[in-house]
Protein chains: 2
Amino acid sequence: MKLLDIYAKMKSDLDVIEGQLARSVTSDHELLSETSTHLLKAGGKRIRPVFVLLAGKFGDYRLNVLERIAVPLELIHMASLVHDDVIDNAETRRGQLTVKAKWDNRIAMYTGDYIYGKALTIVTDLNNPVIHQILSKAMVQMCIGEMEQIRDFFNTEQSVRNYLLRIRRKTALLIAVSCQLGAIASGAGHRSANLLYKFGYNVGMAFQIRDDLLDLLGTEKQIGKPPGSDIKQGNMTLPVLLALQESSIKEPLLYEIKKIQESNGAGDTTKALNFIRKSAGIQVAEEMATRYINKAIQALSGLPNIPAKKNLTDIAHFVAKRNY
Amino acid sequence: MKLLDIYAKMKSDLDVIEGQLARSVTSDHELLSETSTHLLKAGGKRIRPVFVLLAGKFGDYRLNVLERIAVPLELIHMASLVHDDVIDNAETRRGQLTVKAKWDNRIAMYTGDYIYGKALTIVTDLNNPVIHQILSKAMVQMCIGEMEQIRDFFNTEQSVRNYLLRIRRKTALLIAVSCQLGAIASGAGHRSANLLYKFGYNVGMAFQIRDDLLDLLGTEKQIGKPPGSDIKQGNMTLPVLLALQESSIKEPLLYEIKKIQESNGAGDTTKALNFIRKSAGIQVAEEMATRYINKAIQALSGLPNIPAKKNLTDIAHFVAKRNY
């Protein structure tokens, strides 16, 4: 089944989530409602809610419970995006002005804090402390991942292992937890929850590698921001680290990266992108993403053959190949 | 009993909290441990943990449970301070360099996020969802309070009521919740928890009014930052709003505030401070603080006469008069 068909089949439940998302941030305070709603309307694939709902199919599927997992997870993801935009000095995301660009950094920071807080008030409505624990631990790991990214900006000597550990925290964990908590909240049992966690973790790794590839290969129209944004910001992604291992590319690429770093965000990334694009780094990174997808699908093999399993498999295949 | 004597009597338990605070942030990640520890070492009165422990005396006092309330509350307070320093562009706090000054804004932002997350992982260890709910709601309200502060920067037409609502969210709620959760965690019963909440709320209001007075009246040595910081930043506190109600002061003070606003942080606050200091705003604000303290002490009258009640009373009196 194609991704759009999966979304279409889940439409009525996803509409409920979308409504709850909108409601969760429109209250209390006008400016916060406005900034949060602006953020929400920028859209996104809502992949975390989709995973929560599909994982919930392996147990006793109750939307009124699962929404209290799906909404907070999407909110936490959104909160991390607003804070990222402050850090990255990003003007647009998904083709829309960022909160920090439309308002300012201070407002973006508190909008993030507010959305984090809202996420927690929703999940704590579920009387299951284990869920609260898993979620708060994931939040801590995400912050560590973000800090690692800052620490490693323009660090051209970091290892591939270092990159993988970072995206594990920054991205894969929250997707893993989406699958795991969907299963736990629907009482799917310990074993299913673990397998779904494993699925989500591997899909998340592939998702981020693909995201990093798109930043190097995509067009502004496809990715909603200028390509090369990562390298401009100093974020040394997998294909870059791999390209730096090629003796014929290493020195000229290091020179370009240094120029970008010294230009303080004003530099031209064209030459650096060309070096990376012609390196073997692109293909090796693609192969690594595929390997993660295969592992994800393997994790599913231990689960019962319900339609949701087929949907998760299809989504995994999509993640590996997506170009938006 | 004097404040120092109360602290001395609680020393061994507060030392446990201090140790847990240090441990809670030293882990996982070197830079985050370093920034968080820097923040912790800047000290503070640890008034929230003190309230948690004293409130716990009205029930079944168990330090191993209460520490899981006291530590998160102090961490949440600290996280909000790091984020405030980003917003306020503050160079020093309590006489020490702020995280944003010693490192940078990005690191300060993620340090705050990390500490919020850590706070939640600790409190969620307690299998009591009600506690998680109260805490996450308090966090949301705090963010709203902070945003209100930004929205009202240099708004000289805001009402006193507006100011009171803002400090309620920004400060009083977290202190109220400290007392309330100490009571709940020790099983002190609904009525005691409510009275202690009321105590904390009123002490918190007085605490913030006093804080705002100190920023206008204190010396740099007393308050650990240059006096007039609030007005420089645009934070229109109670004495300022009251001074603006005096016909002989209004116009010249408005003129000074406008100059400060237009100077973008470089302006001199001396004249504005002089106008405010000679207004009746100082005394009226002091009277309001005293009224809140009296209400706080009144709330205690419904509680059993244990030593902790006397301690809370003494702390309330101290808050009303403190000059550091």
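Reader: What should I know about the model and its numbering?
Author: The model is predicted: local features need pLDDT of at least 70, side-chain atom pairs count only at pLDDT 80 or more, and totals for chains, interfaces and linings use all residues. Residues are numbered from 1 along each chain as its sequence is written, chains are lettered from A and ligands numbered from 1 in the order in which they are written, and side-chain values use heavy atoms, leaving out hydrogens and water.

Reader: Where do A:Asp15 and A:Lys11 lie?
Author: Helices are DSSP runs (H or I, at least four residues), numbered from the N terminus, and strands are E runs of at least two. A:Asp15 and A:Lys11 are about one helical turn apart, because four residues separate them in helix α2 (residues 11-25) of chain A. Their closest N and O atoms are 2.6 Å apart, in a salt bridge.

Reader: Is A:Arg166 buried or exposed?
Author: Buried means under 20% relative accessible area, exposed over 50%, partly exposed in between (1.4 Å probe, protein chains only). A:Arg166 is buried, and A:Asp152 is too. The two form a salt bridge, with closest N and O atoms 3.4 Å apart. This pair links distant parts of the chain, 14 residues apart: A:Arg166 is in helix α9 (residues 160-185) of chain A, and A:Asp152 is in the loop between α8 (129-151) and α9.

Reader: What area is buried between chain B and chain A?
Author: Interface size is often given as the accessible area lost when the parts come together. Buried area here is that loss (1.4 Å probe), summed over both parts. The value is about 3700 Å², with 75% from carbon and sulfur atoms. B:Arg106, B:Tyr110 and B:Met147 supply 19% of the area that chain B buries against chain A, more than any other three residues.

Reader: How many residues of chain B are in contact with chain A?
Author: Contact means heavy atoms within 4.5 Å. On that basis, 40 residues of chain B are in contact with 40 residues of chain A.

Reader: What is the count of salt bridges between chain B and chain A?
Author: Zero salt bridges are counted between these chains.

Conventions:
Salt bridge = Lys/Arg side-chain N within 4 Å of Asp/Glu carboxyl O. Buried area = accessible area lost by both parts, 1.4 Å probe.
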